[in-house]
Amino acid sequence: SYQKHIRCIPKQRMETKLPEGSEPKHESVSPPRRFIYTSEDMVQFRKSPAKRDLLSFVSALGKSTIGASYTYDPSSPLQGLSPGMAALYGSLDVIAAEWLQDLPPDENARARFGNPVFKKWHARITSRSYEIIQTMMDCHVKYVVEGDGSTSGVWDLEISGTCADAGREAARKEDENHSDDETGGKSTSMPTPMKQEKVILELQSYLLHSFGHEIRLDFGTGHECSFFVFLFALCKIGIFGNPPTADMLAPVALSITDKYLQVCRGIQTDYMLEPAGSHGVWGLDDYHCIPFYIGACQMQNRVYEDRGYTPLSINNDQLLNSSEGGAMMYFQCIKYIKNLKKGAPFFESSPMLDDISRLGSWGKVSGGLLRLYEGEVLDKKPVVQHFFFGDIFRASWTASKEPTAPPTRTFVDAHGVTAVAPWATQGAESSQSIPHTKAPWAK
């Protein structure tokens with residue numbers, strides 16, 4: 001049962017509150033920060049409640065699709081989504097459909113990886129993320145907290161449509177008063193209570209790290225992880241529904257993840273983002289891991305079991321390209337890889353996925369993929385060292401060092417002193433004291 005794997009079920013209605021005892025005690029609001037720098041920090045993370053809860057949450061998302069009565073229909077993506085999650089879906093929909101058209105890649109860029117226009121795309125998500133999250137919170141408060149507080153998981157599609165439209169407008173809204181610092185843009189239309197402000201800033205930090213790195217121009221499973229930390233935090237504060245049942249989790253696992261994938265695949269291909277830490281053909285995918293796990297769980301739902309699909313069905317290209325296959329996340333992940341790596345047999349371009357297809361059941365596939373996610377993502381320091389922690393997704397240990405501020409000037413050493421090359425010193429005396437090196441033949 002998915003209930004055994006989830007630890008984010010609130011015991012009472014969470015009116016966009018922080019966990020007990022974590023309210024700010026002063027006026028300042030600080031964004032989340034890194035806590036993993038050294039191998040000692042990594043040891044602490046591996047045994048921490050943060051890792052345990054995130055893994056349990058991802059496991060619960062997948063397992064919810066097995067027993068839920070909900071069936072994903074791409075033609076009705078808002079079905080089953082709470083008002084807040086419907087708002088998020090609307091924002092992702094606009095990001096996927098419109099932002100790449102507004103910010104097309106620079107065709108004259110000569111870099112093998114990383115189109116420089118991605119920096120503008122990322123600046124846009126930075127400036128509009130506050131409004132996107134604020135809209136989610138507003139929909140949750142209006143229709144759940146102040147509304148009937150439905151816990152049945154049966155949400156009014158008219159309300160969901162209204163919230164999705166509000167999310168779309170938030171993704172289109174240009175905030176003239178936004179700041180370009182690391183906390184992103186902030187709506188100034190009305191004052192925000194301090195407690196809610198702290199929640200939004202923490203959610204914003206996780207969302208901003210979900211779409212690749214704007215400086216390195218890369219994308220990896222760590223960025224995907226950040227999006228699921230974002231979803232985990234939303235679950236913790238009750239945005240999915242309270243308590244989150246299988247029928248509330250399954251629409252998030254399938255509909256929201258599918259739309260997130262559309263956004264990611266758009267920026268990955270159009271902006272040619274470099275795979276961060278890719279295993280090449282010996283990995284699942286250059287950028288993603290969790291959708292394969294969720295998709296393998298989905299195939300264990302009775303609806304699909306009765307149709308006789310097995311892991312070997314990935315070789316049925318007619319099924320992958322059909323409208324029926326479009327509703328199955330695992331098959332869509334395979335289809336994307338096959339389209340991306342045309343010209344090579346699947347067993348050569350993706351030997352690991354080809355081996356997985358020979359497992360005897362979808363249960364073995366999903367179990368193996370979850371272990372792979374823990375071992376190759378959550379237990380790898382190069383991936384999780386970039387995680388941010390706040391009050392909802394909390395680090396239970398003291399970091400080995402404080403985060404260092406990025407330099408505001410170039411050529412500055414660790415002590416803030418401007419570095420000067422030895423030959424650039426002023427005065428003849430100092431320049432004469434530097435020994436000159438001559439080539440052996442320069443006598």
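The protein chain has 17 helices and four strands, taken as DSSP runs numbered from the N terminus (helices H or I, at least four residues; strands E, at least two). This is a predicted model: local features need pLDDT of at least 70, side-chain atom pairs count only at pLDDT 80 or more, and totals for chains, interfaces and linings use all residues. Residues are numbered from 1 along each chain as its sequence is written, and side-chain values use heavy atoms, with hydrogens and water left out.

**Whole chain**
- Of its 443 residues, 51% count as buried (under 20% relative accessible area, 1.4 Å probe, protein chains only).
- Among contacts between residues at least 6 apart in sequence, 80% join residues at least 24 apart (contact: heavy atoms within 4.5 Å).

**Helices H9 and H12**
- H9 (residues 290-298) packs against H12 (residues 329-340) at an angle of about 135°, with axes 6 Å apart; axes are lines fitted to C-alpha atoms over the stretch in contact, and angles run from 0 to 180 degrees between N-to-C directions.
- H9 is therefore oblique to H12 (under 35 degrees is roughly parallel, over 145 roughly antiparallel, 65 to 115 roughly perpendicular, the rest oblique).
- H9 contributes Pro 291, Phe 292, Ile 294, Gly 295, Ala 296 and Gln 298; H12 contributes Met 329, Tyr 330, Cys 333, Ile 334 and Ile 337.
- These contact residues divide into nine nonpolar, two polar and no charged.

**Gln 298**
- Gln 298, in helix H9, is buried, with a relative accessible area of 2%.
- Beyond its neighbours within four places in sequence, Gln 298 contacts Thr 65, Tyr 72, Leu 254, Tyr 304, Ala 327, Met 328 and Met 329.

Terms used:
Buried means under 20% relative accessible area, exposed over 50%, partly exposed in between (1.4 Å probe, protein chains only). Ala, Val, Leu, Ile, Met, Phe, Trp, Tyr, Cys and Pro count as nonpolar, Asp, Glu, Lys and Arg as charged, and the others, Gly among them, as polar.
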